[in-house]
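Work through the exercises below with the model open. Try each task before reading its solution.

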Amino acid sequence: SDYSNKNFDRFNKKTNLAFKLTLFIALPCAIYFAINASNIINILYGSGTNGFGVNGQYVAKNLLIISSVSVVFSSINQLSAVILQNLNQKVLPIINLGIGIACKFVIQLMFLPSGLGIYAYSIATAFGFVVAGALNLYSVERYSHNVIDIKYLIKKEKNT
C-alpha cells in the first residue's frame, strides 16, 4: 500500500476520496430509505404486512426509517476497517465491531422492557453500527499518525 511505501500524500488523497465516495453513495441511500419507507415496504410486501394484528405496514415503515441510519455507519465501518488493515491494524476492526455488538445488546436489554418492543432491535442495531464506525474512525485517526485528518474529509480540497 501507499502507506507502507511511505507515500503518505497519495495514501491521504486515496483515503479522502474513498470516504467521500462512500458518503456520496451511503447518505443518499439512507435518506431515500427513510423518505420512501412506505413505498419500499409496499413493493416488498404489498398487503402481506397487515396480518400481524397491528398495522404491520406502519411498523415495518418505522423499522426501515430507524434502520436507515445503519446504512451510513455500516458503510463507514467497512471502509475504515479496510484502511485499518492497510495500517497494519488487522485485529482492531474486529475488536471495535465486538464493542459495537456489545453496545447493541446492552441497548436492547435497556429498551425492550420500556415498551418499544421490536423498535428496540432496530435502535440497538443502528447504535451498534454508530459505535463501531466511530471507534474505527477514531482508530484510523490515531494509527495513521496524522496522515489522515478525519475532521477535514468533508472540506473541499484546494486547487494548487
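A nonpolar core is a set of buried Ala, Val, Leu, Ile, Met, Phe, Trp, Tyr and Cys residues joined through side-chain atoms within 4.5 Å. Buried means under 20% relative accessible area, exposed over 50%, and partly exposed in between (1.4 Å probe, protein chains only). This is a predicted model: local features need pLDDT of at least 70, side-chain atom pairs count only at pLDDT 80 or more, and totals for chains, interfaces and linings use all residues. Residues are numbered from 1 along each chain as its sequence is written, and side-chain values use heavy atoms, with hydrogens and water left out.

**Exercise 1.** Find which residues touch the most other members of the largest nonpolar core.

Solution. Start with the 14 residues of this core. Phe 19, Val 72, Ile 76, Ile 83, Leu 84 and Leu 87 touch the most other members. Next, assign elements: α1 (8–35), α3 (56–86) and α5 (119–143) each give two or more residues. Helices are DSSP runs of H or I, at least four residues, numbered from the N terminus. Finally, look apart from this core: another one has 5 residues, including Ala 37, Ile 40, Ala 60 and Leu 64.

**Exercise 2.** Is Ser 70 buried or exposed?

Solution. Locate Ser 70 in helix α3. Its relative accessible area is 10%, so Ser 70 is buried. Then list its contacts (heavy atoms within 4.5 Å). Leaving aside neighbours within four places in sequence, Ser 70 contacts Thr 125, Ala 126 and Phe 129.

**Exercise 3.** Describe the backbone and exposure of Asn 88.

Solution. Go to the loop between α3 and α4 for Asn 88. Asn 88 is not a glycine, yet has a positive phi of about 60°. With a relative accessible area of 57%, Asn 88 is exposed.
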